Amino acid sequence: MAVAHVLGFPRIGAQRELKFAQESFWKGTTNEAALRETGAILRARHWKAQADAGLDYVTVGDFAWYDQVLGTLALLGAIPQRFGFDPQQLTLAEYFTLARGDKQHFAMEMTKWFDTNYHYLVPEWSAATRFDGGVNWLLDEIAEAQALGYRVKVALVGPLTLLYLGKVKGEFVNKLDLLPSVIAGYQKLLSRLQRASVEIVQIDEPILVLDLDSAWVQAFAPTYADIQPVSPPLLLTTYFGEVKDHSALLSALPVMGVHLDLVRGPDQLATFAQDWPQDKVLSVGVVDGRNLWRCDLDSTLARLKPLQAQLGDRLWVGSSCSLLHVPVDLQYEEKIDAELKGWLSFATQKLSEIVALKEALNTDQFSYCATETDAQFVASRAALFSRQHSTRIHNPLVQKRLAGVKEGDAERVSDFKTRIVKQQAKWKLPLFPTTTIGSFPQTKEIRKSRAAYKRGEIGHLDYLDQMRDEIRLVVQKQEELGLDVLVHGEPERNDMVEYFGEQLWGYVFTANGWVQSYGSRCVKPPVIYGDVYRPEAMTVGWSQFAQTLTDKPMKGMLTGPVTMLQWSFVRDDQPRETTALQIALALRDEVRDLEKAGIGMIQIDEPAFREGLPLKACDWKHYLDWAVRAFKISAAGISDETQIHTHMCYSEFNDILPWIAAMDADVVTIETSRSDMVLLDGFGAFAYPNDIGPGVYDIHSPRVAQVDEMERLLRKARDVIPDQRLWVNPDCGLKTRGWPETYAALENMVTAARRLRAEV
Ligand code: GLN
Ligand code: ZN
């Protein structure tokens, strides 16, 4: 009989209960007991959902008070020593201090979990890091689940993945030198799990999908040989990609079984199925843990049937990865219509899909077509059919447009050298022109009137008046400050993706589709379900109004195709690049409309450009090629005089500079101040040809940067970038800042630029 399981369930709760409990504990309005109570309720609820759906095991250990990597460190006792906490007596409050910092300690660093938008806390390794035991929370959770009568599978971040994801702090040590102590720590932990009668341990080793050095690959066999004897049976899980290269390693590893992500790596199944050992479980992740579409159960079942004939009881069916990355429960989406809802499946619904597959596999092959009437299969078929035919998805206008895209559509009329001469002649900007990245402080009043408008409490005209007043204020302040290129301040935008998504066809917004981003922070990514189409102009009215208020150039402000894609759930019935191209075409029309309306500078933000990079370097070129093309399609089709800007937040650019240059934006602004302009060196060495605005102050802190500091950074920038190419701007948008510090910082920034001008 096939076995059904998931690699993890979202911990936040369908109504974000965990978030609210965490935040009120941090504020001091509730105590630790109340927070723990919420955690226990959520765990019990999520296990019940798994058991009720018919999974064979409930997963314990996927819960975390803040993050699963930090949770693993707390369990092993491997918390950073700089905080001075006793690992064995760690309190919840101290655990949160590790994650969030306090007056004496900066927080642990946070970074993206593989290519997801989930952020984990980065372990801090030094020669002195200890792994000899920490908190007992996991054992308490296991006892809870066992007391409720469930069969328990414990999920743990694996030893090599944990070690690999950490950063060496202080004196240099090779991470792998720590491996013996890590192994000893896991041995201790796993033997405790064995004594607690845990049936199975799911041990997550997603680093296997990365380009892994051979030293790391070679560490797997001895590590698992060391921990297996003292452990409950281990199911080693890989996800977010394929692990074909490691098939020999994985089939020989002393573990009970291996999990493969067949959504991200469908082709690897053949490699593994071929000589899969007689005594090992193969767990196949076929229900997508990264996206919210209903699974095509018929075709999935057809793929699994031969596998089941081969493996019998040793076939496990599961989610591709943890369901942490999808929203919790579709049933709370009351505003989404029935057709669209029929296409979707959130974490709770995915449990039933997995069970439906298992049951179909376990039904006697000869009992004629049980799936014909099974509710899950019927719904899956209906969704598939409707998605193939719905006119809401397939828009002939978009299809025609796509078919007509020509090679030259991605190119500007002339090259940058020619364009920049024309642009200079038109704008006559001084050397080191000053500008900002788009948003200005989003005050309480702005948020209030936007919300009131959304709820229908104020009418169009009142709303328009209030927003226009705000734009007037922002323009007036920028003129006072003496900035050279102005912006309207984006008061009408709640979020840079949502604002556009709400106006484009093919996008839908959920009411409650929250996904954990980090700690208590959740995001609600929009869903791209159909061909993307722009029924009318989206920003022209605001930009045009703003331009009437000033003689200086007013930058139009758009979110680029890659970012629009990257920060959404994307349809799975066509390649990502096709969706990107559709968005690009919609933006291209907006760019042209802005130009026609007299807006001569247009910024197309691409903060998510770098984060779209695939996990394996061999896949980079394909991505970068289509991502650059999508950007260029959105930015071309205008006259040479119109100046295209783009903006990217803090990223490592050096390894993708040829593609940044290929985007051929007239001006790129990047976040550099926190790296002390070091990020810029690569642009210099590469002889980046177009204009560039390295951020001269950090907008993440209310501290007002001084003239001298900015001047110093600009001098560093001048060492690598020619004066004629250099712009002066903050690191990023100013929407999270208050007015007083914003005004003061920009005043200093303009002074710094003027000081430099006076010298040349
Ligand atoms: N134009 C946007 C803003 O200023 C850019 C934000 C971003 O880069 N994340 O807010
Ligand atoms: Zn930014």
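Modeller: H7 crosses H8 in a right-handed sense, that is, with the near helix turned clockwise from the far one by less than a right angle. Helices here are DSSP runs of H or I with at least four residues, and strands are E runs of at least two, numbered from the N terminus. This is a predicted model, in which local features need pLDDT of at least 70, side-chain atom pairs count only at pLDDT 80 or more, and totals for chains, interfaces and linings use all residues. Residues are numbered from 1 along each chain as its sequence is written, while chains are lettered from A and ligands numbered from 1 in the order in which they are written.

Colleague: At what angle do the axes of H7 and H8 cross?

Modeller: Two packed helices are described by the angle and the distance between their axes. The axes of H7 (residues 179-195) and H8 (residues 214-227) cross at roughly 35° and come within 9 Å; axes are lines fitted to C-alpha atoms over the stretch in contact, with angles from 0 to 180 degrees between N-to-C directions.

Colleague: Which residues in H7 and H8 meet?

Modeller: Leu179, Ile183, Tyr186, Gln187 and Leu190 of H7 meet Ala219, Thr223, Asp226 and Ile227 of H8, contact being C-beta atoms, placed from the backbone, within 7 Å. These residues comprise six nonpolar, two polar and one charged.

Colleague: How many helices and strands does the protein chain have?

Modeller: The protein chain has 27 helices and 21 strands. Its C-alpha atoms fill a box of roughly 75 × 60 × 50 Å along the principal axes. Of its contacts with a separation of 6 or more, 78% join residues 24 or more positions apart.

Methods:
Two residues are in contact if their C-beta atoms, placed from the backbone, lie within 7 Å. Ala, Val, Leu, Ile, Met, Phe, Trp, Tyr, Cys and Pro count as nonpolar, Asp, Glu, Lys and Arg as charged, and the others, Gly among them, as polar.
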